[in-house]
Amino acid sequence: SSNAASSGIKDLEWQRQLRYYWEPWENNSQHEGLCSVHMLQARLLYGFELVGVGERLVTTPLTERCWLTMTQAFQLRLGFCASGPRGVGKTETVKDLAIAAALLCVCIGCQGQVSGQLASRLLSGLAQQG
């Protein structure tokens, strides 16, 4: 985001970026290692979920702040609920981070036609799938 050069890997501007690391496994012959996605202190395992190739969002300062909030929440095993007016890109921002981390993302638009029974069925199905 900044035009100034980073002073190193501990620099805040570098830490705020979505970064990918390959981490070798030491005592596992089945796998050569694992890929992880880092942003600030958050570390997510790369999911290898094929979502397809689609259009990417333009990354704005607001997108970066949302991603920071989401990755930190995931690190703490918390959820994330984006709120705001229609048409500002909440769903697309969440889906774009899921694509970047290759994670399955299910977005439920909580509109008037979504009943409590439907929401419970959706959550039950997600829980059953792991």
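## Rings, salt bridges and an open helix

Y46 is partly exposed, with a relative accessible area of 25%. Buried here means under 20% relative accessible area, exposed means over 50%, and partly exposed lies in between (1.4 Å probe, protein chains only). The rings of Y46 and F48 have their centres 4.8 Å apart, and their planes stand at 85°, so this pair is edge-to-face. Rings of Phe, Tyr and Trp (its six-membered ring) pair if their centres lie within 6.5 Å; planes under 30 degrees apart are stacked, over 60 edge-to-face, and the rest tilted. F48 counts as exposed, at 58%.

This is a predicted model: local features need pLDDT of at least 70 and side-chain atom pairs pLDDT 80 or more, while totals for chains, interfaces and linings use all residues. Residues are numbered from 1 along each chain as its sequence is written, and side-chain values use heavy atoms, without hydrogens and water.

Now the overall layout. The protein has four helices and three strands. From the N terminus the order is α-β-β-β-α-α-α. Both kinds of element are DSSP runs numbered from the N terminus: helices are H or I with at least four residues, strands are E with at least two. Of the 130 residues, 22% count as buried.

Back to the rings. How many aromatic pairs does the whole structure hold? The search finds two. Y20 and Y46 form an edge-to-face pair, 6.2 Å centre to centre with 75° between the planes. Y20 sits in strand 1 (residues 19-24), and Y46 in the loop between strand 3 (42-45) and helix 2 (61-75), so the pair ties together parts 26 residues apart in sequence. Y20 is partly exposed, at 42%.

Charged side chains come next. The whole structure contains three salt bridges, each a side-chain nitrogen of Lys or Arg within 4 Å of a carboxyl oxygen of Asp or Glu. E23 and R43 meet at 2.8 Å, N to O. E23 lies in strand 1 and R43 in strand 3, so this bridge ties together parts 20 residues apart in sequence. Both partners are partly exposed: E23 at 23%, R43 at 36%.

R16 takes part in two bridges. One is with E13, at 3.8 Å, N to O. The other is with E64, where the closest N and O atoms are also 3.8 Å apart. R16 lies in the loop between helix 1 (12-15) and strand 1, and E64 in helix 2, so that bridge ties together parts 48 residues apart in sequence. Is E64 buried or exposed? E64 is buried, at 18%. R16 is partly exposed, at 23%, and so is E13, at 25%. E13, R16 and E64 form a salt-bridge network.

The structure holds zero disulfides, taken as cysteine sulfur pairs within 2.5 Å. C35 is buried at 13%, whereas C66 is partly exposed at 24%.

Finish at helix 4. Helix 4 has 14 residues and reaches 20 Å from its first C-alpha to its last, close to the 20 Å expected at 1.5 Å a residue; the expected span is 1.5 Å times one less than the residue count. Zero of its 14 residues are buried, so helix 4 lies largely in the open. L118 belongs to helix 4 (residues 116-129) and is partly exposed, at 34%.
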